[in-house]
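Subject: Structure for you to look at

Dear colleague,

I am passing on the structure below, together with some notes on what was found in it. Please keep it open beside you as you read.

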Amino acid sequence: MKNSFTQSVLLAAPCLLAASVLASPAEAQTGAAPVAAVRVVKSPPALVGSGFYTANRAPLQGLPFQKLPPGAVTPRGWLRRQLELDAQGLSGRMSEISSFLKYEGNGWVDPKSNSGWEEMPYWLRGYGDLGYVLGDEKIIKEAAKWINGILANQKPDGYFGPDRLRTAENGKPDLWPHMLVLDALHSYYDYSGNARVIPFMTRYFRWQSTLPNDSYRSGWGALRWADNMAIIYWLYNKTGDASLLSLARRIHENSVNYVDNLPNGHNVNLAQGIREPGEYWMQSGEARHLNAVENDYQNIMGRFGQVPGGGFAGDENTRKGMGDPRQGFETCGFVEYMHTHEMMTRISGNPIWADRAEEIAFNSLPAALTPDHRGIHYITSPNLVEINKGGTLGQFDNKFVMLPFRAGLYDYRCCPHNYGMGWPYYAQEAWLATSDKGVAASLYTASDVRVKVGDGTAVTWSETTNYPFADTIEFKLSTPKTTKFPFYLRIPRWTQNAQIRINGKAVAVKAPPLSYVVLDRQWQNGDTVSLRLPMRVELKKWTKNKDSMSVSYGPLWFSLDIGERWVRVGGTDDWPEYHVQPVKAWNYGLPADVKASDFQILRPVAPSAQPFTPQSAPIRLQTKARRVPGWEADTQGIVRPLQASPALSNEPLETVSLLPMGAARLRVSSFPTVASSTVASGAGANGAGALDWTRLAHATAAASHLHDSLEAMTDGVLPARSADETVPRFTWWDHRGTQEWTSLSFKTPQRVSSVSVYWFEDGKGCYVPASWKLFYKDGENWKPVEGADNFGTARDSFNTVRFTPVTTSALRLEVQLQPERSSGILEWKTDAANAAR
């Protein structure tokens, strides 16, 4: 189904997969010129210096696609509504409520001020483009005020912005926020043609080139040079200044390495940083640079992205072993990942990147916002059964509250200011010019595009569709004269037997997934094209994630409908804060022998301008499922991690409803499978071999003092050594030399005869303890275990103690810390779960 595209993405020239010529019956009889030449290719041709828009100059590699100027694409339908909600919500009204956007005294526009960092630049790049795609004069005017202020305050040496950022990174410059400003400036130039932008950027990059090489390894910018590189190449294509290519080479050679390495675990760094080698490929021409982007993507998704929705487990940083679907992905990560996918579509020509952009746009980004776009949360998880102030005990990487929907200007901070680029950038990338002077429908959505083609004639394609909630897309051409040009249609990875009609006549073409159909003909005013992309229910087993199961239909993933009760808990009438509670049971599993044919497709309501709510979702799936005993939320309402499938369940089969993942703020989209002991054997459906999740008795941890995560002790993530800081940990920090305790309470009494503890020792404050003892609960009393053989404190291994078996509801470690030293635990396991199967 959504299999990874693993072949090389280096496409220096189009690969012709098939070709045919379409002629009308009359033309076939008279021998007239054919109506259309039809080709199927992997990518449009990548030509240097060709086309009507910003093309790569030599010696840069030619690219198959060219981005259209802001305003060329006019979105309609549900996408336009998302943009309008942005304008009426956080992005459009951010300057009313964010102190980071106070114009007076802001260091980006006021030469006397040193205030300002990433917040205003984050907001400005999305805000300006929001105005351009909507044609909103109020927004365009306000964005221009900020941009003109920036342009007017460049320093004589070419630097711009707050002076304190020149030395903010231990004496070296913090250039990260400037990259965001450059992005806003390049969009402004492409929209307005303002002549001050080009010399402004030229002066700035000349200053940047005077920096010593180690400056390119300082601060956040060291991991995010992809943003800077993109503007360097854009400016080179405008000016031909060869010194810019020298600067790009120095940056690539002296910043962090994404070519054969993931240099950092931060989700946003990864989401935007991995495209840097692909950008540099335009200069180097080396296949390893372009292929590095795909390799990095596969590395990230293989380790942390074994979930539906297009994101990965990065609830700030990725963490070894923490890839369960309850882990979240930052809202900044969603929009940056989309931006990377959209840019890589243009650079590589590979349609897989457009598929990936759609996957996030349809399934994840909508759920990161309230339906009115006046609230946001920091992370969104594929399995998220309650939105509250929980998740602060180590379930996520950050310990601060990240789930409630709120304006979040100062606690979520980056995400409210940055999310606004998501939908405007997506709208602009919906249509792309091609270097052979054609046009491509890249991201399908209702829209109009004004584009130069063929001999330079400006034509308009109008696209009408309810995609992704329907499979048919209609195009109609408006042109002042008959014009010959190629029209490219993307064939996604999930469809088979795409059907195309020109002016109502079927086109005989076989287009495999991940290809483009090219309709090259003399186009006339009023010509129409119809594209049907058949969709079907598909099941995806996540073998790296406990054999869990997800369900898709075309580009949409689906989530269990568990109902949503929205509870206002604070904020103002304009900017309320909400928690969201489940209305129905959520702990369901799909039968182990489930098939795609077991799902019924329902269309309960007509498509609307806002399809991303449970009430307005225009498509649903219906199937049978069983509840999973033992699958519960923790004490903070966070769903507990999945255990191995199939889970044992003798609960009755029930009819359940699934809705599109993007419409569900509460969601279960990665399901365990279940088997009943009463089912006849066959195809793995019987209970033999099924795991009894109740006997795993999700232990509730407690401690005399907590730092880091209680759940880390029982999360099943095994360390490589005692100093392993890549896995979650529990510590008693900063208690030193004291007697401490930690306990595990079982939901049901367990028979236990051994306990194994893996101690944490970082050598910086936490060390193995001086000694420890083990107790079990007998009624209301704690008693020491009998017959214990060894209470070890060895490093880099489990310390296992065996004792006379006990049946108990709880175990307790009493630990004596070394003098002046603290301690912690990486993993604590018992033999209680061994009999669960």
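Is Tyr216 buried or exposed? Tyr216 counts as buried because its relative accessibility is 0%, where buried means under 20% relative accessible area, exposed means over 50% and partly exposed lies in between, with a 1.4 Å probe and protein chains only.

Before going further, please note that this is a predicted model, in which local features need pLDDT of at least 70 and side-chain atom pairs count only at pLDDT 80 or more, while totals for chains, interfaces and linings use all residues. Residues are numbered from 1 along each chain as its sequence is written, and side-chain values use heavy atoms, with hydrogens and water left out.

Aromatic rings

The rings of Phe, Tyr and Trp (for Trp, the six-membered ring) pair if their centres lie within 6.5 Å, and planes under 30 degrees apart count as stacked, over 60 as edge-to-face and the rest as tilted. By this rule there are 50 aromatic pairs. Tyr378 is buried at 5% relative accessible area, and Tyr412 is buried at 1%. One aromatic cluster includes Trp78, Phe362, Trp423 and Phe612.

Strands

Strands are DSSP runs of E with at least two residues, and helices are runs of H or I with at least four, numbered from the N terminus; two strands pair if DSSP finds at least two bridges between them. Strand β10 (residues 447-453) pairs with strand β11 (residues 457-465) in the antiparallel sense over 7 bridges, and Val451 stands opposite Val459 in β11. These two strands, β10 and β11, form a hairpin with 3 residues between them, and Gly454 in the turn has a positive phi of about 55°. Strand β11 is also joined to strand β12 (residues 472-478) by 6 bridges, again antiparallel, and Ser462 has Lys476 in β12 as its bridge partner.

Helices

Leu290, Val293, Tyr297, Ile300 and Met301 in α12 meet Tyr337, His341, Met344, Ile347 and Ser348 in α13, where contact means heavy atoms within 4.5 Å.

Best wishes
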